[in-house]
Amino acid sequence: MEKFNIRKVTFLRLVTFALIIAGLILSTNFVKEDVSANHPVLVEGERDFDGDGRLGADEDGDNATDRVYGTITAGLLAANGATNANGQVIVVTNGRFPELIRIPNTDAGQMTVNGVTIVEAAPGIMADIDAVLAGNANNGVRQAAVGVLINTDLTDRAIILRNLNIRNYLEGIQVLGASRVLIDNCRLDSNLNFGIRAMGTSRVSITKTTVQASGMRFNPMMGTPGPGTGVRFEEQARGTIVDSTISGNTATGLSNGSTQSVVLSRTTVFDNGTNVSGTSASSFVKLSDEMTPEVENDSLR
Amino acid sequence: MNRITRFIVLASLILAFGFVATSWNTTDVAANHPLLVEGERDFDGDGLLGVDEDLDNASDQVFGTINASLGMANAGANQNGVAVVVTSGRFLETVRITGANGNVTLEAAPGVSAMVEAVRAGNAGNGDRQMRPGIIVDAPATRIVTIRNMISRNWTDGIQINGSSRVVIDNCRVENNTNFGIHVTGSSKVTISNSTVASSGFRSGAAPANNMPNPGIGIGFEGSSTGTVAFTTVSGSVAAGVSNTSSAGRKAVGILSVNAFDNNPNFNGIKPAKGTIPAVAAPSQDDPDNQ
């Protein structure tokens with residue numbers, strides 16, 4: 001009988017322990033599920049937004065409840081209640097972000113884009129994603145890399161970049177796979193090889209965006225551009241370019257090497273090595289006649 | 001060689017290494033890096049503004065005047081980088097952009113009002129500034145200069161572009177400049193978009209300022225310059241709104257969706273493209289709608 005009582009107590013203890021463990025697992029799952037929803041998070045630039053006195057990495061790691069971060073990269077990852085590549089990352093104070101933006105960030109273990117992902121600066125805010133910050137130890141590494149790299153084969157989720165400056169990288173924005181991307185109201189300059197490069201079967205819409213000075217980066221000597229093209233479509237990528245300016249690029253302003261057409265409208269293409277080039281007669285489709293500036297400099301006519 | 005001598009030699013080597021390393025760091029500073037410029041409100045919370053902010057240190061990379069941010073001292077851009085105005089303010093200075101060492105961008109952050117302004121009530125330098133251009137660009141053809149979201153007012157030329165400069169002017173407002181709003185000369189190439197050029201040739205003020213328009217053109221292309229003007233408003237100029245006298249001929253200047261109105265004339269030497277708002281005839285007394 002005593003032996004049975006010992007077993008019963010042990011059994012009850014085991015049940016209690018198991019229930020506690022199960023509760024913990026369930027609560028963890030609920031938290032995870034909540035985190036993975038398409039929620040907005042805020043990112044501070046070089047001015048404190050939430051008044052906690054923290055900036056940069058200190059803000060990234062402070063807690064999982066404020067949903068305020070100090071780097072864009074942390075805002076896109078999962079830790080501390082961030083978007084986990086499924087939500088909106090909004091920069092809310094002016095600042096320079098010497099980062100490499102990866103969507104998804106496979107180097108950090110984020111293997112896929114989990115939903116619609118938006119990176120934007122709030123209206124009235126300047127977010128400068130820049131390879132160079134004077135005196136920063138990693139300037140060289142960043143200048144040899146792509147600034148914003150988007151690569152997913154999932155076509156049921158869009159990536160939106162809005163109101164960002166992207167500068168001084170090997171390529172400003174590179175879009176791979178079957179990614180669906182909107183680049184809205186962005187400014188790209190001084191990227192060595194390409195301002196924007198779309199490859200694979202991706203689809204890229206570019207609106208109200210300026211792409212200039214691709215191929216011109218002085219560090220302090222001028223880098224060797226390869227080739228220094230403003231906007232480039234390759235492989236089977238397709239897209240639209242509307243209400244934008246492409247100028248002062250070393251090589252081609254707008255180059256379509258894709259098998260697909262690119263739609264172009266109301267866009268100034270001026271003062272590039274060659275303003276527009278395409279691999280076939282159907283490379284470009286006009287939405288309207290308004291796009292044609294009169295300047296005779298290989299403008300699309 | 002005794003121990004003391006060895007120690008001195010070793011110390012000298014360490015000092016020399018440190019000096020070289022510091023020099024390398026200086027070279028790094030010359031890269032095309034971004035800088036912040038405060039207007040009339042403190043951004044970094046150090047309580048400094050203007051020249052005091054220019055001179056405080058070389059590590060914050062925050063400045064109080066535009067010219068200091070473009071210079072070399074205190075880790076400025078050294079004419080190779082981006083100067084971003086991050087709080088609103090009036091800048092009583094002629095800005096000189098040479099692009100001597102690389103691409104230069106001068107911009108105000110979205111939502112920030114950055115006025116390169118010749119006049120501030122009671123300021124001793126008003127008369128002198130009103131006889132000069134506000135922003136002068138004279139850069140090599142291998143550089144791109146960008147001026148974005150800036151305001152230039154009350155100068156002889158709001159923005160003057162010389163030599164073989166290649167310039168992008170985006171989302172700027174240029175007004176009340178006596179001679180030209182935007183003056184493009186030499187063999188420069190200029191892309192103008194989303195901007196407003198108003199009241200060129202109209203400036204009022206007390207002596208010693210000479211307010212006579214000469215000639216009072218909104219956007220003028222001269223020399224052998226070329227360019228495009230798109231999605232821009234040019235209005236209320238004493239002389240022509242957009243004028244092209246470039247030796248490159250009539251096709252030197254491309255026009256796309258430009259609202260040119262109330263200039264004299266609206267276009268000179270330019271064939272407006274489709275989408276451009278044409279000249280509107282003055283109201284006729286015979287028109288019953290005007291009676």
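How many contacts beyond four places in sequence does the model have for residues 29-35 of chain A, where pLDDT stays under 50? The count is three. Keep in mind that this is a predicted model, so here is a quick tour, starting with confidence and then moving through each chain and the place where the two chains touch.

**Confidence in chain A**

- Chain A averages a pLDDT of 88, with 86% of its residues at 70 or more.

**Chain A: domains**

- Chain A splits into domain 1, made of 38-98 + 115-123, and domain 2, covering 131-301.
- Taken over C-alpha atoms, the centres of domain 1 and domain 2 of chain A are 26 Å apart.
- Where they meet, nine residues of domain 1 of chain A are in contact with twelve residues of domain 2 of chain A.
- On the domain 1 side of that meeting point, strand β6 (residues 117-121) of chain A gives the most, with five residues.
- By residue type, the side of domain 1 of chain A that touches domain 2 of chain A comes out as five nonpolar, two polar and two charged.

**Chain A: the seven-stranded sheet**

- Chain A has an open sheet of seven strands with parallel pairing, in the order β4-β7-β10-β13-β16-β19-β22.
- At its edges are β4 (95-97) and β22 (268-270) of chain A, each of which pairs on one side only.
- Going from one strand to the next, the twist averages 10°.
- For a look at one pairing, take β7 (residues 127-130) and β10 (residues 165-167) of chain A, which run parallel over three bridges.
- Within that pair, A:Asp130 stands opposite A:Arg167 in β10(A).

- A:Thr240 is part of strand β18 (residues 238-242) of chain A.
- A:Thr240 has 19 C-beta neighbours inside 10 Å, so this residue counts as partly exposed; a residue needs 20 or more to be called buried.
- Leaving aside residues up to four places away in sequence, A:Thr240 touches A:Ser205, A:Ile206 and A:Val263.
- One of those contacts, A:Ser205, is 35 residues from A:Thr240 in sequence, but the two are 4.8 Å apart in space, C-alpha to C-alpha.
- A:Phe284 belongs to strand β24 (residues 284-286) of chain A.
- A:Phe284 is also partly exposed, because the count of C-beta neighbours inside 10 Å is 18.
- A:Phe284 and A:Gly147 are 137 residues apart along the chain, and 27 Å separate their C-alpha atoms.

**Chain B: overall make-up**

- Chain B contains four helices and 23 strands.
- Out of 291 residues in chain B, 53% count as buried.
- Among contacts in chain B with a separation of 6 or more, 56% link residues 24 or more positions apart.
- The domain assignment for chain B gives domain 1 (30-92) and domain 2 (118-281).
- The centres of domain 1 and domain 2 of chain B, over C-alpha atoms, lie 27 Å apart.

**Chain B: the seven-stranded sheet**

- In chain B, seven strands make an open, parallel sheet in the order β4-β7-β10-β13-β16-β19-β22.
- The edge positions go to β4 (89-91) and β22 (259-261) of chain B; each has a single partner strand, so one side of each has no neighbour in the sheet.
- Ignoring direction, neighbouring strands of this sheet are turned by 10° against each other on average.
- Inside the sheet, β13 (residues 173-175) and β16 (residues 196-198) of chain B pair in the parallel sense over three bridges.
- One residue to check there is B:Glu175, whose bridge partner in β16(B) is B:Ala198.

**Where the chains touch**

- Between the chains, 45 residues of chain B are in contact with 41 residues of chain A.
- On the chain B side, α1 (3-29), β1 (33-37), β12 (166-170), β15 (189-193), β18 (226-230) and β21 (253-256) each supply at least two residues.
- That side of chain B divides into 17 nonpolar, 20 polar and eight charged residues.

Conventions
Residues numbered from 1 in each chain as written. Chains lettered and ligands numbered in written order. Predicted model: local features only at pLDDT ≥ 70, side-chain atom pairs only at ≥ 80, totals over all residues. Contact = placed C-beta atoms within 7 Å. Nonpolar A, V, L, I, M, F, W, Y, C, P; charged D, E, K, R; others polar. Pairing = 2+ DSSP bridges. Axes fitted to C-alpha atoms, helices over the stretch in contact; angles between N-to-C directions. Domains from an automatic or database assignment. Buried ≥ 20, exposed ≤ 12 C-beta atoms within 10 Å, placed from the backbone. pLDDT = per-residue confidence, 0-100.
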